[in-house]
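Please keep the structure open while reading.

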Amino acid sequence: MTSYKELGLVNTKEMFAKAVKGGYAIPAFNFNTMEQMQAIVQAAVETKSPVIMQVSKGARKYANPTILRYMAEGAVAYAKELGCANPQIVLHLDHGDSFETCKSCIETGFSSVMIDGSHLPYEENVALTKKVVDFAHQYDVTVEAELGVLAGVEDEVSAAESHYTKPEEVIDFSTRTGCDSLAISIGTSHGAYKFKPEQCTRDPKTGKLVPPPLAFDILHKIEEKLPGFPIVLHGSSSVPQDEVDTINKFGGKLPDAVGIPEEQLREAAKSAVCKINIDSDSRLAMTAAIRQHFAEHPDHFDPRQYLTPARDNMKKMYIHKIMNVLGSNDKL
Ligand SMILES: [Zn+2]
């Protein structure tokens, strides 16, 4: 058993309480590679932001769970080396699919886990979540649960249709499970294709797709039921059109990729939403920089030549999200 405390990590309890009170949200960035990890830490240190580094089941398969654990430990040491005396870094399991996966993460140094029982019948979701919470809380690890289903595809998590969270269920669910935060479905979606063209309208000037608005009425009803309770939004990349355009200009093919407009996320961050998950935007920033670099430097073959601009572009995106969307800067 390795406790996250030995690795210098923190759980989400205190940072969520502060974020809900302060009207901002903590960034939850997914990572799989060293370059992503470096960019996340650099961005968090430069903006003095707490940060959640999260890994999905796919990331554990890609990078290996042991390596990810050491990378998180390295992230804390790296943040200190960059001048941050007291980094607030969470290592979080994204979309834990079973008690066993959550248990294994808790035993290897994760400070926070998500148990995603949202696809199960209600009573089974309650039972599974409670089982994970009872185990996690023995080690001071925080647990995120989910009610409602998000559409879209993220690693192995996929659903054709979304089902909004039912506000009338949230009190019963949070009381009986003891979960520390709750991911809800109010119209965000996983992946870079969050909405089908027929769900959107088109901006007559740019021809770009405009997605349907988030269901803020449901969010506000949930806030009324659970005042001050930490709420999480998954699938909240904005799919920046300049990155999509760069990818398409240099040989990519991402027609009609569409995300959540940043002004809506900005509004959500001011509410009880205190964790906003961003994964696709980092993938797009990395891919755009690499495609452009290959097109402009066909003679380059040293990975450091194209991974340097890729890392810089991700860092720029992370800083933008922290400062201009979530408002978690200057909180350390
Ligand atoms: Zn998710």
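Which residue of β8 is the bridge partner of E144? The partner in β8 is S181, and the paragraphs below place this pair in its surroundings, with the reminder that the model is predicted.

## Strand β8 and its partners

The pair E144 and S181 belongs to the pairing of strand β5, residues 142-147, with β8, in which four bridges join strands that run parallel. Strand β8 also pairs with strand β12, residues 231-233, again in the parallel sense and over two bridges; here L182 has I231 of β12 as its bridge partner.

In a regular strand, side chains alternate between the two faces of the sheet.

## The contact of α5 with α6

Helix α5, residues 99-107, and helix α6, residues 122-137, have axes that come within 10 Å and cross at roughly 15°. Because angles under 35 degrees count as roughly parallel, α5 is described as roughly parallel to α6. The crossing of these two helices is right-handed.

On the α5 side the contact is made by F99, C102, K103 and I106, while α6 contributes L128, K131, V132, F135 and A136. Sorted by class, the contact of α5 with α6 has seven nonpolar residues and two charged ones, with no polar residue.

## Two positive phi angles

Most residues other than glycine have a negative phi. Against that background, H95 has a phi near 55°, a positive value in a residue other than glycine, and D256, which is not a glycine either, has a positive phi of about 60°.

Where do these two residues lie, H95 and D256? H95 is placed in strand β3, residues 89-96, whereas D256 lies in the loop between α9 (241-249) and α10 (262-269).

Their surroundings can be described by C-beta neighbours. H95 counts as buried because 25 C-beta neighbours lie inside 10 Å, and the cut-off for this class is 20 or more. D256, with 14 other C-beta atoms within 10 Å, is partly exposed.

Definitions and conventions
Residues are numbered from 1 along each chain as its sequence is written. This is a predicted model: local features need pLDDT of at least 70, side-chain atom pairs count only at pLDDT 80 or more; totals for chains, interfaces and linings use all residues. Axes are lines fitted to C-alpha atoms, for helices over the stretch in contact, and angles run from 0 to 180 degrees between N-to-C directions. Angles under 35 degrees count as roughly parallel, over 145 as roughly antiparallel, 65 to 115 as roughly perpendicular and the rest as oblique. A crossing is left-handed if the near helix is turned anticlockwise from the far one by less than a right angle, and right-handed if clockwise. Two residues are in contact if their C-beta atoms, placed from the backbone, lie within 7 Å. Ala, Val, Leu, Ile, Met, Phe, Trp, Tyr, Cys and Pro count as nonpolar, Asp, Glu, Lys and Arg as charged, and the others, Gly among them, as polar. A residue is buried if 20 or more other C-beta atoms lie within 10 Å of its own, exposed if 12 or fewer, and partly exposed in between; C-beta atoms are placed from the backbone. Two strands pair if DSSP finds at least two bridges between them.
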